[in-house]
Every structure is written in structure tokens, then in C-alpha cells.
Amino acid sequence: MNMLPLLLVITTATAVTLGVSLALAISRHRRIEAARGEREERLRMITAQMPAVLWSTNTDLHVTNCLGAGIAPLRLPGKEVVSTAMFEIFRLSDQNLLRMDELKRALQGELVVYEVDWQGQTFSVHAQPLTDDKGRIIGTIGVAQDITARKQAEEELRATQMQLIQAAKLEIVGQMAASVAHEVKNPLNNIMFAVSYLKDTLGDADKTVSEVLAQIQAAVEKGTRAVRGLMDLAAPDELRLQPEDLNKIITGALQMMKHEFATNQIKVETHLAADLPPVSLDRHKIEQCLLNFCMNAVHAMQPNGGTLTVRTRLNERERAVVTEIDDTGHGIPPDKMDRLFQPFFTTKPKGKGSGLGLAVVKTILDLHHAGVSIANRPEGGIRITVIFPL
Ligand SMILES: Nc1ncnc2c1ncn2[C@@H]1O[C@H](COP(=O)(O)OP(=O)(O)OP(=O)(O)O)[C@@H](O)[C@H]1O
Ligand SMILES: [Mg+2]
């Protein structure tokens, strides 16, 4: 029997089967390759867009990889960093050089976590040893995350907590001061009454006695003013709000200060807007604020005098009335600026200022929901800006 045709058939069938298997294997291989390519591309995208800096180094602490979107703000393209020594990258800051020790610890097998300041930003760094498949340490690997915003928020929170503690302390001091003031107010009134009685009874017969009485009277008046200031600070909450003409209140306060201005060679200029709508405020309390501002301005312009300028205007967009009080005095040293409204803060000689003026002003303006700010003017003196909401 001729076996040849049969052999041919079997061979052909085998070849076809092998061909089909090969084609299947190739197509499976291609699919696997495509899937791997896709996975790698996805991984590349993720690492490139990761909001952090991912890096690895060799055992000499030269960068071998640097990836992540966190690199961009640092203006350090990954490829420039690769093969640079960590030491070189951080050489600009002494503090960061110390951090090199942490990386050396990572090379010894430790997981290290630390913070580092660099180019005005703060990073939280986690670094650990990088090992090969046999577990041998071949460098370090790490991730650095920009935590500047979180740090700032923490800082602000701490500052707010400190302010709260300070406010709580001041409240207690304020309450104590107010009760002392109450205790002192009546005896002071009695002394004042007694001095007036003695003055009336004795007349000017004895010059020395008259002088002593005048001194007692001046001292008691000063004490009474301080007591009133303390009481205003502690219990200013009985506001009598009414729609008022702010310009009129300003003119009235300036009128009350006329004598002080004249004796201290102070010129007063006013630019009061004619179109001001009525502002809801407690006339007496706002007058008190204006008198405080004016007295401070007089003191700041002593001994040569100067100019006090008061402006009002309507800010329609903000629905507010703005008052500016400028003086040409000695201004305020920048390091004192944030203490001006603190009770008992004064730069005046002992016995001249109690440091309560601006603290009372702030309390009163807060109750009116009015904003107040103080700034040095470039041409000298200060500007006080008060904003009353409408
Ligand atoms: N117009 C100003 N120019 C320069 N410094 C000022 C002015 N107003 C206030 N200050 C500064 O702010 C401090 C606090 O002012 P504040 O009115 O609270 O207290 P005081 O004037 O010292 O005392 P008091 O008003 O209780 O008699 C002043 O001691 C002064 O250093
Ligand atoms: Mg004052």
C-alpha cells in the first residue's frame, strides 16, 4: 500500500495545527504585550501626576529616579536631578544638610520620617531602604509631600488659640478691674466732694492750702478718668443705636477738642462727604471713640503741633461709611502695631496714659460691627480707618 498520500495528509494536518497554535500564541503574546504596555502607561501617568515627589537614590545617595507632579513647582526637571547627589540638591540650606543624616539612616535599613524646608515650601518626607530581589540594600526610596498649606493652617490655628487664651485672660482681668473700679469710684467721689467743700469753705485765704487742694483735685480727676475707662472696657454693652449723622458727631467731637488743638498748635482739616446716609450708632460711644483718637493724635504731635485731617465718604459698593483720621505725629513703630488695641498697652510715660483708650474704642466699634485699622502714613503720622456697615 502506498503510504505517501496518507503521510502527506497527516503532515499537512499537523502543520496546519501547528500554524494555528503559533498564530494563537502570537496573538496572545501581542495581547499580553499590549496589556502590559497599557499597564505601564497607566503607571507612568499615575507616577507623573502623583501630587508628590517620588525618588530613589543609590548607596552613594545620588538620585536614580525622580518622578511626580510635585517636582514641577520646584523648577527641577526630573532628568536634571537624576544622577545628582542629594547633597548637591540640598546644599543651599544648612538645616537640609542635617537631613542627609536621616537618609544615611535609611541606608542602614531604617524607615525615617522628617520635615524639610526647601525653596520656601515645607515637605514631609518618608524615606526607607531600597532593596533588590535578594533583599540587599541598593539605595534609598522616598516620597516627599508639600505640606506648606497644612503647616500654615496649623500656624494660624495656633495663633487663634493663643488669641483665645489671651482673650479669656483679658476677660478675667477686665472683670477684676471693673469690680476694683466700682470699689474705688465711690471713695473718689467722696474725696472730690470733700475737696470742693474745703475749697468753698476756706476760699483763697491760705495760698498753700489752695495749692494742695488743687493738686488733690487734679489727682482725683485723673483717678476718676481711669476708673471710668476701666468700667467702659468691662461693661460697654448697653448700646443705644439710632440712625445718626456721622458728620455731625465728628464736628461735635472736634469742637469739644478745640481748646486742646489750639494750645498744641494743631490745625484741623475736614473733608466730610455731603451725601452720607444716616448710620445706626450710639452717638455718645462713637463720640468717646473720636475723642480718644483725637487725644492720641494731640499727644503724638506734641510738642511742635501738626495737622489733623478727618475725612468721611460713602462706599456704595461695600454699603459702608468710611471715616479716616490722619495725623502728622511721630507714628507707630512696626513692632508695636499689633498691640495697640490691647488693654493697658501704652508707650506714654508713667501717669500719662493708662493704655485703655484704644482698647475701649475697639470694644465699642466691635459692638457696632465696625472695622478699625491703624497704619503708618508714608508721609509721617498715622491713619486710622473706621468702616461702619450700613
Ligand atoms: N495717633 C497716634 N500716633 C502715634 N501713636 C499712637 C497714636 N494713637 C495711639 N498710639 C499708640 O498707641 C498706644 C495706645 O493708645 P491708647 O489710646 O490705647 O492708650 P494711651 O493713649 O497710651 O493711654 P489712654 O488713652 O488710656 O490715656 C499709645 O500709647 C501710643 O503708643
Ligand atoms: Mg489714648
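Tutor: Two strands pair if DSSP finds at least two bridges between them. Strands (E, at least two residues) and helices (H or I, at least four) are DSSP runs, numbered from the N terminus. The structure is a predicted model, in which local features need pLDDT of at least 70, side-chain atom pairs count only at pLDDT 80 or more, and totals for chains, interfaces and linings use all residues. Residues are numbered from 1 along each chain as its sequence is written, while chains are lettered from A and ligands numbered from 1 in the order in which they are written.

Student: How do you know that strand 3 and strand 4 pair?

Tutor: Seven bridges link strand 3 to strand 4 (residues 121-131) in the antiparallel sense, and at least two are needed, so the two strands pair. Glutamate 115 has serine 124 in strand 4 as its bridge partner.

Student: What makes strand 2 and strand 3 edge strands?

Tutor: They belong to an open sheet of five strands in the order 2-1-5-4-3, with antiparallel pairing. Strand 2 (63-67) and strand 3 (112-118) each have a single partner strand, so one side of each has no neighbour in the sheet. On average, neighbouring strands here are turned by 25° against each other, direction ignored.

Student: Why is helix 7 called oblique to helix 9?

Tutor: Helix 7 (residues 246-256) packs against helix 9 at about 50°, with the axes 9 Å apart. Angles under 35 degrees count as roughly parallel, over 145 as roughly antiparallel, 65 to 115 as roughly perpendicular, and the rest as oblique. The angle falls in the rest, so helix 7 is oblique to helix 9.

Student: How do you know whether histidine 284 is buried or exposed?

Tutor: Count the other C-beta atoms within 10 Å of its own, placed from the backbone: 20 or more means buried, 12 or fewer exposed, and in between partly exposed. Histidine 284, in helix 9, has 11, so this residue is exposed.

Student: What makes helix 10 mostly covered?

Tutor: Eight of the 11 residues of helix 10 are buried, among them Leu358, Val361 and Ile364. After helix 10 comes histidine 369, with a positive phi near 55°.

Student: Which residues come nearest to ligand 1?

Tutor: Asn296, Ala300, Thr346, Gly353 and Gly357 come nearest, out of 23 residues around ligand 1. A residue is near a molecule if its C-beta atom, placed from the backbone, lies within 6 Å of it. Helix 9 (283-301) and helix 10 (357-367) are the elements giving two or more residues to this shell, and helix 9 gives the largest share, four residues.

Student: How many residues of the shell are nonpolar, polar and charged?

Tutor: The shell around ligand 1 has nine nonpolar, 12 polar and two charged residues. Here Ala, Val, Leu, Ile, Met, Phe, Trp, Tyr, Cys and Pro count as nonpolar, Asp, Glu, Lys and Arg as charged, and the others, Gly among them, as polar.

Technical notes: Axes are lines fitted to C-alpha atoms, for helices over the stretch in contact, and angles run from 0 to 180 degrees between N-to-C directions.
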